[in-house]
Amino acid sequence: MKRPITSLPALECFRAAAAVESISKAAEKLNLTHGAVSRAVRLLEGDIGTALFTRRNRAVFLTDEGRRLAQAVTHGLGHIEAAIRDIRAEQANAPVTVSCEPTLMMRWLIPRIPDLKRMHPQADIRLVAGGGPVTLGEGIDLAIRRDDFLLPAAYAAEPLFCEWVGPVCRPDLHERFFDNGHLRPGAPLLHSRTRMSAWQSWAGLTGTPLGGHPDLAFEHFYFSLQAAIAGLGVAIGPWHLVRDDLSAGLLSSPAGFLKDGSRYVLLSPGNGQASQAQTVFRDWLTQLAVAEPGPSSGE
């Protein structure tokens, strides 16, 4: 029968001791006790059936057999370590495909990707637009979603931030559309066919009647926000999607923002087997979400 190969920790202890022909120095390098390294070397000698060191005056010297084994162990462990470094580097630089709801991707995520690239120049993040239910592992590694549908139990859902909503318009039209923070009856309401209930949800949160307003509908949410910037009326603007426009003075929020009860989450496979590159993106995204949880009292 084939005899089992001695454990890798014992071989590592032997390699360190053989390199300097000292048990004490090897123990110091490996951050182990002298006794632990000595026992590992004796275990290896017992497995092989021959002495690897001669011991004289509390010093150790390699035998001919020890020198042969030291060369082989150094060569073999060196190859293993090099392979592990290469694999880790490949994993760190592997592309990560992230599916994200289109308006959030356009107005919040993409403008912040340069910060990720400055922190992790090798990060290869590939964004695809998508909303609602998603299947991970079929060309998509991670997904950012608003939890307005039943999230799959098989996926891990890491909370990012709550959804804060409020009406937004062009700053120079503030007084035309609002009176002391209240929506004027004739203010045009901008709708999105991808979130048709946005105005009704806000009205329910605030107790604001919406009858008699002119309406204008757009195919996508980001079109309604762009229409607000163009001065066509008032749109419901989730804070994370309009915060950069508010800071730039392109939009104003006369009535402020309220939580609508939903939140954004990061979906990942539930088996916990994330690649290093996926972990880099996840950690960056969650730190970003913590730094930007929602509007301040002045917004």
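Select Phe223 to begin: with 37% relative accessibility, this residue counts as partly exposed (buried means under 20% relative accessible area, exposed over 50%, partly exposed in between, with a 1.4 Å probe and protein chains only). The model is predicted, so local features need pLDDT of at least 70 and side-chain atom pairs count only at pLDDT 80 or more, while totals for chains, interfaces and linings use all residues. Residues are numbered from 1 along each chain as its sequence is written, and side-chain values use heavy atoms, leaving out hydrogens and water.

The structure holds 6 aromatic pairs (rings of Phe, Tyr and Trp, the last by its six-membered ring, with centres within 6.5 Å; planes under 30 degrees apart are stacked, over 60 edge-to-face, the rest tilted). The ring centres of Tyr222 and Phe223 lie 4.7 Å apart with planes at 80 degrees, so this pair is edge-to-face.

Next, select Phe281 and Trp284, a tilted pair with 5.8 Å from centre to centre and 45 degrees between the planes. Phe281 is buried at 0% relative accessibility, and Trp284 is buried at 6%.

Finally, select Trp108, Phe161 and Tyr264, which form one aromatic cluster.
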